[in-house]
Amino acid sequence: MLQPVELYSALGLADRNNLFNQLQSIYNNLPETTCEGCATCCKWGSPPAFFIEYLNMYKYLRDNMKDKYKEILEKSTEYFYLELVDASQACPFLNEENKCSVYSVRPFTCRSFGLLSQQDFEIGDRSLRSLAEKYWEEYNIKISDELVNSELAWCGKVASSQGAHIEKSILAGLAAQISTIDYKFFPQDLVDQEGTLLPYPTHMMNTVLGAGARARKIKVMKEFSDQGTKELLNTFIEKARSYQF
Ligand code: SF4
Ligand code: SF4
């Protein structure tokens with residue numbers, strides 16, 4: 001698990017070192033895209049974001065979405081605890097109009113979705129089969145077949161201002177450039193093993209909840225999968241909702 005860092009020092013370090021501008025310059029290498037906006041990809045799950053992208057989104061939320069703090073905190077907490085036992089969990093930034101509420105700061109994973117050719121696209125299965133076996137053997141928690149078998153299909157409805165698909169190696173190179181920004185915050189080995197590339201709700205819970213609450217994830221999952229209730233989860237949601245940005 002990624003060690004929490006003191007958020008305000010991380011934001012300060014990012015500002016002093018121009019890291020948000022560096023991130024934006026990398027994003028600028030991608031073409032503008034449009035799509036049909038069906039939100040299938042956003043409902044599939046919360047995409048992974050590098051730590052610098054999390055900080056960028058955090059700052060945007062803090063400065064522009066004051067009226068949405070509590071809702072995002074609630075959705076992120078639910079997602080963090082229930083992503084493996086509740087197939088209805090979607091990205092916390094998908095709003096009631098089926099649109100992205102943080103579009104201008106969405107992470108690289110979202111920006112690049114649909115830019116690969118179908119041939120280059122690797123089915124986005126979440127390798128849940130072995131995880132499902134582990135959860136069943138160790139905790140008696142059943143991860144539903146719906147989740148285990150879920151796959152994010154290639155989307156052919158993305159139109160790019162560049163008019164063509166982008167090679168996989170180019171996208172991988174840009175993602176690698178973003179990862180090097182995370183070296184400012186974490187050991188290089190950890191970053192290179194994708195230890196800082198996590199779903200937004202995981203980053204958020206590292207910030208807003210203590211280790212004790214995060215460690216009770218199994219208990220929350222078990223309560224939900226055995227009884228369909230959220231008693232323990234609700235205590236953590238209340239705690240998260242009281243977080244001050
Ligand atoms: S990229 Fe494709 S799946 Fe995602 S919202 Fe657009 S049309 Fe839907
Ligand atoms: S951040 Fe925005 S674009 Fe990305 S999955 Fe969430 S709602 Fe969709």
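Let me begin with Phe 113, which counts as buried because its relative accessibility is 18%, under the 20% limit for that class. This is a predicted model, and the values I quote today are computed from it.

Phe 121 also counts as buried, with a relative accessibility of 18%. How are such ring pairs described? A pair of aromatic rings is characterised by the distance between the centres and the angle between the planes. Across the whole structure, a search returns 13 aromatic pairs. For Phe 113 and Phe 121, the ring centres are 6.0 Å apart and the planes meet at 70 degrees, so this pair is edge-to-face.

Phe 113 also belongs to the surroundings of ligand 1.

I turn now to ligand 2. Its surroundings consist of Cys 42, Pro 47, Cys 91, Phe 93, Leu 94, Cys 100 and Cys 110. Here the shell has seven nonpolar residues, with no polar and no charged ones.

Phe 93, from the shell of ligand 2, is also a member of an aromatic cluster.

Arg 106 is placed over Tyr 103, at 3.7 Å from the ring centre. Lys 217 is placed over Phe 80, at 4.3 Å from the ring centre.

Next, the helix α1, residues 7-16. Its buried residues are Leu 7, Ala 10, Leu 11, Gly 12 and Ala 14. An α-helix has 3.6 residues a turn, so residues three or four places apart point the same way. Against which elements do the buried residues of α1 pack? Their partners are α2, α4 (51-64) and α11 (200-208). Just after α1, Asn 18 adopts a positive phi of about 60 degrees.

Finally, a word on confidence. The mean pLDDT of the protein is 93, and 98% of its residues reach 70 or more. Confidence is highest in helix α2 (residues 19-27), with a mean of 98, and that helix is one of the elements against which α1 packs. Confidence is lowest in helix α8 (residues 145-148), where the mean is 88.

Technical notes: Residues are numbered from 1 along each chain as its sequence is written. Chains are lettered from A and ligands numbered from 1 in the order in which they are written. This is a predicted model: local features need pLDDT of at least 70, side-chain atom pairs count only at pLDDT 80 or more; totals for chains, interfaces and linings use all residues. Side-chain values use heavy atoms; hydrogens and water are left out. pLDDT is the predictor's confidence in each residue, from 0 to 100. Helices (H or I, at least four residues) and strands (E, at least two) are DSSP runs, numbered from the N terminus. A residue is near a molecule or strand if one of its heavy atoms lies within 4 Å of it. Buried means under 20% relative accessible area, exposed over 50%, partly exposed in between (1.4 Å probe, protein chains only). Contact means heavy atoms within 4.5 Å. Ala, Val, Leu, Ile, Met, Phe, Trp, Tyr, Cys and Pro count as nonpolar, Asp, Glu, Lys and Arg as charged, and the others, Gly among them, as polar. Rings of Phe, Tyr and Trp (its six-membered ring) pair if their centres lie within 6.5 Å; planes under 30 degrees apart count as stacked, over 60 as edge-to-face and the rest as tilted. A charge sits over a ring if NZ of Lys or CZ of Arg is within 6 Å of the ring centre and within 35 degrees of the ring normal.
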